Amino acid sequence: MQEVIRIEGGRKLNGSVTISSSKNATVALIPAAILSNGPVTLTGVPDIADVESLAEILRILKVDVLEDGQHLIIDPTMMENTDLEQDVVTRLRASYYFMGALLGKYGKVRIKMPGGCYLGPRPIDLHIKGFEALGAKVEYERGGYTITCDHLVGNRIFLDIASVGATINIMMAAVYADGRTTIENAAKEPEIIDVATLLNKMGANVRGAGTNVITIDGVQSLYGCYHEIIPDRIEAGTFLVMAAACAEEMVINNVIPKHIEALTSKLMEMGVKMDIGIDTITVYGGAELHAVDVTTKPYPGFATDLQQPLTALLTQAQGISQVVDTIYAERFKHCIELQRMGAQIEIGTGTSKITGPTKLYGDKVTATDLRCGASLVIAGLIAEGITEIRGVHHIDRGYDDIDGKLKKLGARIHRAMID
Ligand code: EPU
């Protein structure tokens, strides 16, 4: 038996939607919380499978976890540094944040190779380079890493690529290190600022998050605090694209417009009409859409996570659009599924060329990764007939109640179990 999402396409969406807190911030904030010596309360925690997996890992570590609605209270007072070799570690990519957090707190971590969406090769060499620069010894054997250090000492680390994961992992490993750590060519994503904010509320001394140079001055002790998570810019972007595809009028609440400027400016270039407020964006449907070219870049450039959802919309735009993904050259599996629904897409190495507009028809398609799933939901909303999406667990890893939110906007969407 497996779960599927069925969408009856062709209906106009109307109304408002409130965006949940950021998945990619939350999955780093949860491991970061264990660096504290007292309870940390995270507010606005999204109801997604990745959070459940991380809570399971916390329980393995004997961390007290209390889920109270949108609050997650993480109390690491009685924590034990257990080896993380359980299957849950391989369910998501973000389990690699326990490397930095446990190394930072205990000087030792043993953890299985993390999993997550397959988007082509996703090495973690820069994380390792960072840990080694702080004095750690890293060994890899039988599918797991053992990272140890008697005493971490701050150092200057230049990242060859501005990696989100490596920046956050090194920040966490360095909070208790002796002296100053400087991360050069650090990633600048908003999620990094959110993690630095939490660490600083806990008593750490992290400066420069959001720029490409971050300094961390080691401290002796960290304590509990309260932290409200930033809105999910990728979920907001997904709903913006949905609105552009099939809304009469959609109000998207709890969004930081600056975080998705690369997308809003691209949508305006396509002809989409919208009003951008302080924490709200209203999208008006019915505009004629024009083809555009998109190249994904690290923040503040166009997010790789949004190129897959946008591709579904580009099938409806007049002309030829080209998408280049400079972050993940193999992040194009959604195109094969969209082709099944009638899209005209040529897939190249790290690129796709979309000719539009083409009519889409409902079909049986498979979400091969999280944002591929989002792309197929959008295509399903546009398409004539019924779209049946398999691989729903990928979507549930990162979107909080996507079907509930869409139902409220007037979509015909439901889940079913099939053999
Ligand atoms: N890279 C290396 N070596 C490393 C680390 C990264 O070569 O040690 C390369 C990657 O292969 C990639 C590029 O550097 O080509 C950027 O990777 P990055 O480390 O920034 O990605 P990540 O931290 O693994 C996060 C998000 C992804 C998002 C990317 C890029 C989380 C948990 N994941 O991944 O989100 O696509 O940044 O913005 O924060 C998603 O939400 O669907 C998702 C996949």
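Author: The model is a predicted one, and its domain assignment gives domain 1, made of 2-20 + 231-418, and domain 2, made of 23-228.

Reader: How do you know that domain 1 and domain 2 are in contact?

Author: The criterion for contact is heavy atoms within 4.5 Å, and 19 residues of domain 1 are in contact with 20 residues of domain 2. The centres of the two domains, taken over C-alpha atoms, are separated by 30 Å.

Reader: What area is buried between domain 1 and domain 2, and which residues of domain 1 supply more of it than any other three?

Author: The buried area between the two domains is about 1800 Å², with carbon and sulfur atoms giving 52% of it. Of the area that domain 1 buries against domain 2, Tyr299, Tyr328 and Arg397 supply 37%, more than any other three residues.

Reader: Why are helix α9 and helix α10 called roughly parallel?

Author: The axes of α9 (residues 304-314) and α10 (residues 333-340) come within 10 Å and cross at roughly 20°. Angles under 35 degrees count as roughly parallel, and α9 and α10 are therefore roughly parallel to each other. Their crossing is right-handed.

Reader: Which residues make the contact between α9 and α10, and what are their classes?

Author: From α9 the contact takes Gln307, Gln308, Thr311 and Ala312, and from α10 it takes His334, Cys335 and Leu338. By class, this contact of α9 with α10 has three nonpolar residues, four polar residues and no charged residues.

Notes:
Residues numbered from 1 in each chain as written. Predicted model: local features only at pLDDT ≥ 70, side-chain atom pairs only at ≥ 80, totals over all residues. Heavy atoms only, no water. Axes fitted to C-alpha atoms, helices over the stretch in contact; angles between N-to-C directions. Helix = DSSP H or I, 4+ residues; strand = E, 2+ residues; numbered from the N terminus. Parallel < 35°, antiparallel > 145°, perpendicular 65-115°, else oblique. Left-handed = near helix turned anticlockwise from the far one by under 90°. Nonpolar A, V, L, I, M, F, W, Y, C, P; charged D, E, K, R; others polar. Domains from an automatic or database assignment. Buried area = accessible area lost by both parts, 1.4 Å probe.
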